[in-house]
Amino acid sequence: MDLNILWFILLGVLLAGYAILDGFDLGVGIVHLAVKGDKERRILMNSIGPLWDGNEVWLVTFGGALFAAFPIAYATAFSGFYTAFMALLFALIFRAVSMEFRSKHDSPSWRSFWDVSFSLASGVATLLFGVAVGNAMSGMPIGADMEYHGAFLDLLHPYALLVGVLAVATFAMHGSIYLYLKTEGDLQQRIHGWMWRTFGIFLVLYILTTMFTLVAVPLATRNFHDHPWVWIVVVLNVLAVANIPRAIFLGRPGYAFLSSCATIAALTFLFGVALFPDLIHSSLNPDWSLTVYNASSSHKTLAIMGTIAALGMPFVLAYTSVVYWVFRGKVQLSTLSY
Amino acid sequence: MDLSVLTLSRFQFALTIMFHYLFPPLSIGLGGILVIMEALYLKTGRLEYEAMTKFWTKIFAVNFAMGVASGIVMEFQFGTNWATYSRYVGDVFGSALAAEGIFAFFLESGFLAVLVFGWDRVSPRMHFFSTCMVALGAFFSSIWIVIANSWQQTPAGFHIVGQGLGARAEITDFGAMVFNPSSMHRLAHTVIGAYILAAFFVMSITAYYILKGRHLNFAKKSFTIALIVATVASLAEPISGDLQGRTVAQTQPAKLAAMEAVFHTGQGPTPLYLFGQPDPKEQHVNYGIAVPGLLSLLAYGDSQKPVAGLDQIPQRDWPPVVATFQAFHIMVWLGGLFVVLTLVGMYLLWKGTIFEKRWLLWTFVLVVPLPYVANQFGWMTAEVGRQPWVVYGLLRTSDALSKAVAANQVLGSIIMFVVIYALLFVVWVFVLDSKIKHGPDEVGPLPIGTAPGGLLGIAGLRAGTGGASLTGVDDAKEKE
């Protein structure tokens, strides 16, 4: 295995880490407006209060690592999807400040403004992530000059939108299970119902997307022929999905949450399989695709970054675990909360 | 007006970076000040230091969130608007950005959670450790960002691969890239500038409390800590600036010539303008007052050696002279003002009369925008003075653009940024204002061990200050 492939895998790990971790707090944002009343909304927001910022850092680091390891793909993707990325930025900015500002002032209209802004921004950001994945899967008009030749609206084709909606449903389910773990009493009982409903919606969209992919996105399965072991992950994915309702039914929400984490990890893995060895498929000519080789930094930079990652990642994992351990248990509102 | 993609993208970058840089210096400096305050709390066990740390932590958290939100924009923008630049520098610049993500951001954001929300969940020592880690994280991120930026000023440790539009820089020596000629001097200057800003920020708020007779004990102690930090930092800044100036003289002669509007290389000593208004067309400085030979002395340590002027550089490679000159001079004058103000403050602190000098306290309340201006203008000197290059001598700003982006897209995003940033700024000031009006939680002057234990003890302690009911109401309000 060479360094280019190693960095492709590491980017996948960062992306999966981001999707699992920020996935549940985006999901909490998506379902945020389903509770009424200031106290319950504060409980929802504070369930992710200490954690969302650290979770978002996985995205920032993913972006930094993409820039560093595959600058050409980073430049093409970010400039080509200019409007989409700007929309994503605005969503992320609003999400961050909504949480920070919401409870800082005691007025119903102030608070509902930031509640709506928080929820909408979470939904839009998730949808855009899904749309980006959908476009990466199906390929984009990349020319011989390695530049994107299309418009913003070209990104919103049915397949990409379907993956976008699937992302929203996945995170809503993931967030609901997380909330079930973090709440108690009457609120928790209601969230129990959300878990079932969001799982139902997720399941329908998951099946639809799988069928659509198999029928209409031939690129996504090309690696399956040469690497049949990938089917193991497909099976694991299905088992993880099936275990979610089983665990909810048996009253073991912790297992349900782990299963939904595993589902997201497996989906990210399959996304990587669908891409490899490309980072961006060219829909105009396969030879113009940006691959882990023609879009990468030099061998030396990949090696330096590998050293940085090897030194840094143990610390990152250690203090991420410490923070999650410190904030374990049910949400308690205090003067320190949002 | 020329609404090309280049003009618009440059405008957008200036807008977003200047807005972003309102927040990081306070995070960097206040992080360090929080460490001092909490260390005092651990050492003395006095509740007022705890209240102090908690109050400034809340301010820190709001500021930090704004920094994160506006900072993601910067990371995205390299790719969205400056794709050619990203391809060109990715190999060199990328490892610094990745290191920032892995070493700094995770550290800051992880421990910030403990710092802000963890008071009741971890031991005081663990909490103090988290505060240190947050301050360290803020410092780490300044290291990597300044290194990356310095590489654009004084590229080192690389070679160029490919030709024409396909050319890009590839790293050959990581150590030489990190310790490029300007990085360490610029890092020191940036971090010290951040400490000046944060200390003046703390002094402004606490001087206001003192003038209004509120939270006196808290305010005087915070003010004193901040004044000491501000004095040390303000005195160190000119020294660091001098070191940096010598590097600029060696590595970026065009920038130095623009900073001082040296249009013509003379035969003998080159003067230093105290102020003036350069006229690039006439190649002359109007209304200027200059100290003979001082620029030669500062740049080379030799008052007789002439400084290379803009006449030795092709005109198409000139930076904008007026902006560079004025940004630099305003920064230097403000730096001088900070030295004077803090020294006057220290003298009166030593005499023990500072808190009676209302004029001085009002001055400290009102000057708080000036360190912000100085920080912004310092960066403006560095960045405008580097033009027309985005990577000095290698890649022109005009060649660094994204080719796939159209002018109307950039115009659209600029409008969005202006609207959103204006809104955020107003809300930020509003939230800050309500935090300041609320003030710290009142505590009695008794040390921890002497109060009777339990809730009653704390209630008694608070009742002793006469603020029990007020504080109680405030707490209840915040809970809702």
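Arg41(A), Arg42(A), Ile43(A), Leu44(A), Met45(A), Asn46(A), Ser47(A) and Ile48(A) are the buried residues of helix α2 of chain A in this predicted model. Because eight of the 11 residues of α2(A), which runs over residues 38-48, are buried, the helix is largely enclosed by the rest of the structure. The cover over these buried residues includes α1 (3-31), α3, α5, α6 (108-138), α7 (158-182) and α8 (185-216) of chain A. The model as a whole scores ipTM 0.82 and pTM 0.85.

**Chain A as a whole**

- Chain A contains 12 helices and two strands, and from the N terminus on its elements follow the order α-α-α-α-α-α-α-α-α-α-α-β-β-α.
- The radius of gyration of chain A is 20 Å, close to the 20 Å that the globule rule gives for 338 residues, and therefore chain A is as compact as a globular protein of that length.
- Taken along the principal axes, the C-alpha atoms of chain A fill a box of roughly 55 × 40 × 40 Å, and 55% of the 338 residues count as buried.
- Among the contacts in chain A with a separation of 6 or more, 79% are accounted for by residues 24 or more positions apart.

**Gly134(A) in helix α6**

- Gly134(A) lies in helix α6 of chain A, and it counts as buried because 26 other C-beta atoms lie within 10 Å, where 20 or more are required.
- When neighbours within four places in sequence are left aside, the residues in contact with Gly134(A) are Tyr159(A), Ala160(A), Leu162(A), Val163(A) and Gly164(A).
- Gly134(A) and Met173(A), which are 39 residues apart in sequence, stand 20 Å apart in space, C-alpha to C-alpha.

**Contact between the chains**

- The contact between the two chains takes 60 residues from chain A and 60 residues from chain B.
- On the side of chain A that touches chain B, at least two residues each come from α3 (52-69), α4 (71-80), α5 (82-102) and α12 (299-326) of chain A, and α12(A) gives the most, with 13 residues.
- By class, the residues on this side of chain A divide into 36 nonpolar, 17 polar and seven charged.

**Packing of α4(A) with α3(B)**

- The axes of α4(A) and of helix α3 of chain B, which covers residues 47-81, come within 6 Å and cross at roughly 90 degrees, which means that α4(A) is roughly perpendicular to α3(B).
- This contact is made by Tyr74(A), Ala75(A), Phe78(A) and Ser79(A) of α4(A), together with Phe76(B), Gly79(B) and Thr80(B) of α3(B).
- The contact of α4(A) with α3(B) has four nonpolar, three polar and no charged residues.

**Chain B as a whole**

- Chain B has a secondary structure of 16 helices and six strands.
- The radius of gyration of chain B is 25 Å, which agrees with the value near 23 Å that a compact globule of 480 residues would have.
- The C-alpha trace of chain B spans about 75 × 50 × 45 Å along its principal axes, and of the 480 residues 50% count as buried.
- Residues 24 or more positions apart account for 74% of those contacts in chain B that have a separation of 6 or more.

**Confidence in chain B**

- The pLDDT of chain B averages 83, and 91% of the residues score at least 70.
- Confidence in chain B is highest in helix α13 (residues 369-384), at 94, and lowest in helix α15 (residues 454-464), at a mean of 35.
- The pLDDT is below 50 over residues 444-480 of chain B, a stretch that has 37 contacts in the model beyond near neighbours in sequence.

**Backbone features in loops**

- The peptide bond from Phe276(A) to Pro277(A) is cis, with omega near 0 degrees, and Pro277(A) lies in the loop between α11 (253-275) and β1 (278-280) of chain A.
- In chain B, the peptide bond from Gln387(B) to Pro388(B) is cis, with omega near 5 degrees, and Pro388(B) lies in the loop between α13 and β5 (389-391).
- Ala261(B), a residue other than glycine, has a positive phi near 50 degrees; its place is in the loop between α9 (253-259) and β3 (272-279) of chain B, and with 27 C-beta neighbours inside 10 Å it counts as buried.
- Gln283(B) is not a glycine, although its phi is positive at about 55 degrees; Gln283(B) lies in the loop between β3 and β4 (284-291) of chain B, and it is partly exposed, with 14 other C-beta atoms within 10 Å.

Terms used: Residues numbered from 1 in each chain as written. Chains lettered and ligands numbered in written order. Predicted model: local features only at pLDDT ≥ 70, side-chain atom pairs only at ≥ 80, totals over all residues. Contact = placed C-beta atoms within 7 Å. Helix = DSSP H or I, 4+ residues; strand = E, 2+ residues; numbered from the N terminus. Nonpolar A, V, L, I, M, F, W, Y, C, P; charged D, E, K, R; others polar. Buried ≥ 20, exposed ≤ 12 C-beta atoms within 10 Å, placed from the backbone. Axes fitted to C-alpha atoms, helices over the stretch in contact; angles between N-to-C directions. Parallel < 35°, antiparallel > 145°, perpendicular 65-115°, else oblique. Rg over C-alpha atoms; globule rule 2.2 N^0.38 Å. pLDDT = per-residue confidence, 0-100.
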